[in-house]
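Please look over the sequence and the model below. A short report on the fold and the chain contacts comes after them.

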Amino acid sequence: MNKLVSLVNVFALLSLLAVGGGTAVLPQMKHEVVGTHQWMNAEQFTDIYSLGQLAPGPNMNMVTVIGYHVAGIPGAILVLLAFYLPSCTLVFAVGKVWDHFEGSPWRDAVQRGMAPITIGLMASGVYAIGRTATINFSHSMRHNLITVAITMIVTLEILLVRRVNMAVLILAGGAVGWFALRMV
Amino acid sequence: MSDVPAQAPKVPLAKLFWVFFYIGATSFGGGVIAYLREHLVSRQKWLDEDHFLGSLEIGQTVPGLVSTNVAVIVGSHLRGVTGAVTAAVGMTLPGAVFVFILGLLYTRFKDNPEVGAVLSGVGAAAVGLILAVTLQMGGREIRKWHDWIILVPAFVVVGIFHISLVPVLAVLVPIAIQFNRPQAKELATYHAQQAEYHAQLAEHHEEVAARHAAGSESPS
């Protein structure tokens, strides 16, 4: 019961802090789940985040797996509601008044001001996951070389080549992992 | 100042649900925004390009997942509160069920080294993906030197020192808006436009009132 209350508190707050999308709250989510509440270790958190990348739709649905891990089916359902309801209600309300401020220079100022915050937070999200998934000193040197190579190839493909569908890239990462990371 | 709801086509709720359910079930590998645009603008023609970009703007500025936010805005535009709930549930449900099943398999097989190896590869690829998206957005949005004064502290304080987002946003958002505050000239132009608009509106109301008065004096 206490766990359910903590889960709802943590994820409802994260919902309202997810500026510019889910990646922005990854550091705080990891900190709460792994550090403060110790519901799982960093390795498991990263595994669950990776599972989420295999699923279609919004890229943070994996929060439901965290809920399940901590408190079973009720946890899974409550976390999903806690993570979506607050921000959905807020965006519904803002959507109603947004047009009213059309052409207002202040609306543009808010939008332009949010951009660097969003990108800085996204970078911290990349760092939070990358610290376990890409560079991880508890693994061997060879393991690290392979994960760094996978990350770099995917990034360069998306930025420069742009030929391969992102879902295929994720699956290819999994295939390379299966071939190259089993024994290291 | 267009009255948007007047142009909204009457979309059946079941149809609304299925279109978002389809997007939510097929948009593998991130980039949900492109799927949304394809279905809502190109195929269903529920919105035009400008209106879609407008919805995207709100979805990105307000906290929450951008794709779910856009679903709420488009759903509410088409069918009010019921539409917003329908679209958001349709968008989120398939992926949530999918990842939930993966989660069940994970709890069962997490100690299997082969599963661990696959997930390590997937995780490394996922980092590559969000890194690329971050760099792309940064390249597009970061224009002025003062953007870096906001971006770097946001990264350091949250990413490295794990300070809670509540105080970080409370401090950084006002500073960032202040950096981008409109010039006095812009504000003056805007207020002049608003005043003109309201004057026109008042004039129009007077005209209508006068017509009504004339109508009630000599009933036809």
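Predicted model: local features only at pLDDT ≥ 70, side-chain atom pairs only at ≥ 80, totals over all residues.

Residues are numbered from 1 along each chain as its sequence is written, while chains are lettered from A and ligands numbered from 1 in the order in which they are written.

**Chain B**

Chain B has 9 helices and 0 strands. Helices and strands are DSSP runs numbered from the N terminus, with at least four residues (H or I) for a helix and at least two (E) for a strand. The radius of gyration is 25 Å, well over the 17 Å that the globule rule gives for 220 residues, so chain B is more spread out than a compact globule. That radius is taken over C-alpha atoms, and the rule is 2.2 Å times the number of residues to the power 0.38. Along the principal axes, the C-alpha atoms fill a box of roughly 90 × 45 × 30 Å. Of the 220 residues, 38% count as buried, meaning that 20 or more other C-beta atoms, placed from the backbone, lie within 10 Å of a residue's own.

**H2(B) and H3(B)**

The axes of H2(B) and H3(B) come within 10 Å and cross at roughly 150°. The two helices are therefore roughly antiparallel, a term for angles over 145 degrees. Residues in contact have C-beta atoms, placed from the backbone, within 7 Å.

| Helix | Residues | Contact residues |
|---|---|---|
| H2(B) | 13-26 | B:Val19, B:Ile23, B:Thr26 |
| H3(B) | 32-43 | B:Tyr35, B:Leu36, B:His39 |

By class, this contact has 4 nonpolar, 2 polar and no charged residues. Ala, Val, Leu, Ile, Met, Phe, Trp, Tyr, Cys and Pro count as nonpolar, Asp, Glu, Lys and Arg as charged, and the others, Gly among them, as polar.

**The interface**

In all, 97 residues of chain A are in contact with 91 residues of chain B. H5(A) gives the most to the chain A side, with 24 residues. That side has 58 nonpolar, 34 polar and 5 charged residues.

**H2(A)**

Buried residues of H2(A) include A:Leu26, A:Met29 and A:Val33. The buried residues of this helix pack against H1, H3, H4 and H5 of chain A, together with H7 (145-160) and H8 (165-179) of chain B. A:Gln38 follows H2(A) and has a positive phi, near 50°.

Technical notes. Axes fitted to C-alpha atoms, helices over the stretch in contact; angles between N-to-C directions. Parallel < 35°, antiparallel > 145°, perpendicular 65-115°, else oblique. Contact = placed C-beta atoms within 7 Å. Buried ≥ 20, exposed ≤ 12 C-beta atoms within 10 Å, placed from the backbone.
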